[in-house]
Amino acid sequence: MCLIPVHNNMNLAIIGTGYVGLTTGTCFAEVGHNVVCVDNNQAKVEALREGRVPIYEPDLEEMILSNVSAGRLSFTTELAKAVKTCDIIFIAVPTPPHEDGSVDLSYIESVSHEIADVITPEMGYRVIVDKSTVPVSTGSKVYQVIARYAKGNVDVDVVSNPEFLREGSAVSDLMNPDRVVIGADSQRAMDLMKRVYQPFNAPIVEVDLHSAELIKHAANSFLALKISYINAVSAVCEKAGADVELVAQGIGMDKRISRHFLNAGLGYGGSCFPKDVKGFINVADQLGAPMTILKEVENINEQQLERFLKRLRKKLWVLRKKRIAVWGLAFKQNTDDVRESVAIKLIKRLCDEGACVTAYDPKAAQTGAAALAGYDVTIADDMYECTRDAEILIVATEWKQFAMANLVKVREMMRLPIIFDGRNLLHGENALHAGFEYHSIGRKTLRPQ
Ligand SMILES: NC(=O)c1ccc[n+]([C@@H]2O[C@H](COP(=O)([O-])OP(=O)(O)OC[C@H]3O[C@@H](n4cnc5c(N)ncnc54)[C@H](O)[C@@H]3O)[C@@H](O)[C@H]2O)c1
């Protein structure tokens, strides 16, 4: 990781020290800014102060420790102090979905109030930056709350700076962004924001506030659409006897399309895509410009898991009392995040049907166990042990170590030689040579002679 010296270092506050706030704040400190991360979760702040990092993200822990010891990164529960000392205040709190799919903006509203309570005209100019993913026109509402409740005429601009990091490679994504989107309706705020990002050497997309907010929802929805597209194609491939991986390769080499996000599997999950697609559908409906295409994206995503379960039942008949090993709990590789993980949904469905599930994940054992509380699932602490006496092995998350597994050893552990690869991760021929019947997504089943 190369450290880029900043001559124009600034004092930055990040409110909300989760996956986005903690990694963003750390990377800002890494390039030389002075960063204070604020969170209202006392236990989290205490852990961070003691050098314990509450989430898993490659390279994050060492970067936090080095920036804390360099005096550029600190953690607090005191929002007031951060607002007083920092030029720019980033908001990175959750924006979960309501039952009806609309975005719950109560965390954003509550932080806006807290800022209004402590900000004063004497503090001088402040830029409030929305980094959370929010519906278009949220920034204007944040401004209204601050202007309405602050004591006196405060000098504030609200900016949108959506975050595009991917969990599992968040540090690398933040240090080398494809682009940085800054939505500001004031040149003064835009200039300050450009100073923040100057050390990252990335192209900056300068837009108005509303367009920046929309870019994030539209981008995530488009990526979800690509995933659902290839998953719909995978269903056709299964019927037609074609191979979805070859189809994805063939279409992905077209630069207009690209191979990224054309991986057939169990469907998308995680803390962003499901809620952001729902949020965008809701916003568009409210604006009277419905994004009906996204309803189909959701529908295909749900059907992908149903089709997989149907194929499992076809193979094993009744799932009750069947011993099923599941590799993967996290919603994707290289993270401990299980929010909206398809692996967790799959395990819950298997348990509901009476299967005896043993699962393994390299990093998400703890978060996975918490998400599966109340379900009778054994969490193994070794990927091979997980498969002991299993009648079927399901690959639910695309961890590299699963792809590298010794399948002969796995075969020796299992009762029946059947693999259902929900991520097209394993090498089918290797599975076949190890004696497995190998089922995957959108491809022919491989069976030993
Ligand atoms: N996780 C991602 O990959 C990702 C990527 C891009 C954008 N986003 C968006 O970023 C936002 C944050 O997501 P996240 O995954 O980091 O969430 P998170 O749940 O991991 O973290 C949010 C943090 O905010 C804290 N918080 C809540 N209310 C607070 C308050 N009033 N004061 C101080 N702290 C408060 C919580 O304690 C928590 O630590 C969401 O809008 C999300 O959609 C997430």
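The following exercises, with worked solutions, concern a predicted model of one protein chain.

**Exercise 1. Overall form**

Determine whether the radius of gyration of the chain agrees with that of a compact globule.

*Solution.* Begin with the contents: the chain holds 17 helices and 14 strands. Next, consider its extent: along the principal axes, the C-alpha atoms occupy a box of roughly 80 × 50 × 40 Å. A compact globule of 449 residues would have a radius of gyration near 22 Å, and the chain has 24 Å, so the two agree.

**Exercise 2. Domains**

State how the chain is divided into domains, and describe the contact between them.

*Solution.* First, locate the domains: domain 1 covers residues 11-207, and domain 2 covers residues 242-449. Second, take the centres of the two domains over C-alpha atoms; they are separated by 34 Å. Third, count the residues in contact: domain 1 contributes 16 residues and domain 2 contributes 15 residues.

**Exercise 3. An open sheet**

Give the strand order of the open sheet of 6 strands, and identify its edge strands.

*Solution.* Recall that strands of a sheet pair through backbone hydrogen bonds, either parallel or antiparallel. In this sheet the pairing is parallel, and the order reads β11-β10-β9-β12-β13-β14. The edge strands are β11 (377-379) and β14 (437-439), since each of them pairs on one side only. From one strand to the next, the twist averages 20°.

Strand β12 (residues 392-395) runs parallel to strand β13 (residues 418-421), and 3 bridges join them. Opposite Val 395 stands Asp 421 in β13.

Helix α13 (residues 342-352) lies across β9 (323-327), β10 (356-360) and β11, and runs at about 160° to β10.

**Exercise 4. The ligand shell**

Describe the residues that surround the ligand.

*Solution.* Count first: the ligand is surrounded by 26 residues, of which the closest are Gly 16, Gly 18, Val 20, Ser 132 and Thr 133. Then classify the shell: 11 residues are nonpolar, 11 are polar and 4 are charged. Finally, identify contributing helices: α1 (19-30) and α5 (106-118) each supply at least two residues of the shell.

Definitions and conventions:
Residues are numbered from 1 along each chain as its sequence is written. This is a predicted model: local features need pLDDT of at least 70, side-chain atom pairs count only at pLDDT 80 or more; totals for chains, interfaces and linings use all residues. Two strands pair if DSSP finds at least two bridges between them. Helices (H or I, at least four residues) and strands (E, at least two) are DSSP runs, numbered from the N terminus. Axes are lines fitted to C-alpha atoms, for helices over the stretch in contact, and angles run from 0 to 180 degrees between N-to-C directions. Two residues are in contact if their C-beta atoms, placed from the backbone, lie within 7 Å. Domain bounds come from an automatic or database domain assignment. A residue is near a molecule or strand if its C-beta atom, placed from the backbone, lies within 6 Å of it. Ala, Val, Leu, Ile, Met, Phe, Trp, Tyr, Cys and Pro count as nonpolar, Asp, Glu, Lys and Arg as charged, and the others, Gly among them, as polar. The radius of gyration is taken over C-alpha atoms; the globule rule is 2.2 Å times the number of residues to the power 0.38.
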